[in-house]
Amino acid sequence: MSDKEKLYQERFNRYATAMECGKPDKVPVVFPLGEWVVRYTDSTIQEAYYDFDKETEIICNIIKDLDFDIMYGSLLLWWPPMFDALGSKYYKFPGLRLEANVGYQYVEEEYMKPEDYDDFIANPTAWLATKFLPRISEEFAEPGSYRATVALIKSAAGFAMANANAAIKGEKLAKEYGIVPYVTGMTKAPFDTLGDALRGMKGILLDLRRRPDKVLAACEAIVPHNIAYARITAAGDTSLPVFAPLHRGAYPFLSMEQWEKFYWPSWKAVIEGLWAQGKRTFFFAEGDWTPYLEKIAELPEKSIVFIIDNTDAKKAKKILGGKFCLWGGVPTTLLTYGTPAQVKDCVKQAIDELACDGGFVLAPGGVVLGDAKRENILAMLEAAREYGVY
């Protein structure tokens, strides 16, 4: 075993111990990869998005001398060439429909109409193939046509290439730098699947009043699909959690009554379904989830890694600590607007209050945006090593 392979195993054990609510030798610390990294190179975000080798080079150059355990996030959440092959209407990527040095954008619309509910509930996969794809992709406008068939082949090849590239990059980072990924695979809460990509914010909020039974039935129909998607995209891995970005569930998008009725039951079913197969969920609780902590505590022990963004950290520690691994401690705004001294003070306080009995990963609480300062990221890593020894 090479020195880097030993380093990888040491860091993986640190992360695995924390996920089991144990106390490793050090508090695991996370490097937040994101578009902010590109600002410190002579490349554009467009180049990072479209050139796989360039993206890997950018990542390797910035991490080569840093000491951390886990890499979180990515330069690109979606690989643009795959969507370009579809003639995608609902994403805009830098360099084509946007300037070269800005992040991608999602074009939210009601791609699923109210009258589609019954067909969707009866067979979600068939509805997606025959109704959803033609609405979001120029190349699928006429399902069954030669053009649509070719687009299907191209997009499937693009998806395979994106996954292959990700695997190559992950293997390189593990073998040459000893870097542990934070997750394998991806899933979503059924209500977010419905409210994000299909009905949109306006549509789903109207549906809660006008057709609540349809919303509940649709969420229930999505549950097995989101469990399967997690398992497929993780390629069967159960050693790391599955990423679950959560959007409409943050307080106060929904009232407590709406959250308990529409959001939580199907999302809980996905988490429990995955845990029954040995797969832990990376509960990416963006925003404030404080009012829901007692309900979240009902989940099976150790079945999630709970991410503290704007949730009250002390209440999260009191209610969820010891039952689930907690992740966070450093506000993302501090990494943009703070100073290195302020970041170090924040890290010390987070470790003192949240890491004392283990089960904690020191990290930014949310997505680190493009205007984060490198000196603050470095201060976070240095302070974690200085104060994070058990």
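Q: What covers the buried residues of helix H16?
A: Quite a list, which includes helix H1 (3-19), strand E1 (30-33), strand E9 (325-330), helix H14 (332-337), helix H15 (340-354) and strand E10 (360-364). Covering goes by contact, meaning heavy atoms within 4.5 Å. This is a predicted model, where local features need pLDDT of at least 70 and side-chain atom pairs pLDDT 80 or more, while totals for chains, interfaces and linings use all residues. Residues are numbered from 1 along each chain as its sequence is written, and side-chain values use heavy atoms, leaving out hydrogens and water.

Q: And which residues of H16 are buried?
A: Asn376, Ile377, Ala379, Met380, Leu381, Ala383, Ala384 and Arg385. Buried is under 20% relative accessible area with a 1.4 Å probe, protein chains only.

Q: Why should H16 span 20 Å?
A: Because H16 has 14 residues, 374-387, at 1.5 Å a residue. The sum uses one less than the number of residues. The C-alpha atoms at the ends of H16 are 20 Å apart, which agrees.

Q: Okay, strands now. How many bridges join E1 to E2?
A: There are 4, and E1 runs parallel to strand E2, residues 70-73. Pairing takes at least two DSSP bridges. Leucine 33 sits opposite glycine 73 of E2.

Q: Which way do E2 and E5 run, parallel or antiparallel?
A: E2 and strand E5 (residues 180-181) run parallel, with 2 bridges joining them. Across from isoleucine 70 you'll find valine 180 in E5.

Q: Switching topic: how much space lies in the second largest pocket?
A: About 340 Å³. Of the 21 residues lining this second largest pocket, Ile308, Asp309, Gly329, Val330 and Pro331 are the closest to its centre.

Q: Which elements give two or more residues to the lining of that second largest pocket?
A: Helix H13 (313-320), E9, H14 and H15. H15 gives the largest share of that second largest pocket's lining, 5 residues.

Q: How many cavities of 30 Å³ or more does a search of the whole structure find?
A: The search finds 1. On a 1 Å grid, a cavity is where a 1.4 Å probe fits but cannot get out; a pocket is open, with protein on both sides within 12 Å along at least five of seven lines; lining residues have an atom within 4 Å of a point.

Q: What volume does the largest cavity have, and which residues line it?
A: Its volume is about 40 Å³. Lining the largest cavity are Cys21, Lys317, Gly321, Gly322, Phe324, Leu326, Leu354, Gly358, Gly359 and Phe360.

Technical notes: Buried < 20%, exposed > 50% of the residue type's maximum accessible area, 1.4 Å probe, protein only. Points joined across faces, edges and corners; volume = space filled by probe spheres on them.
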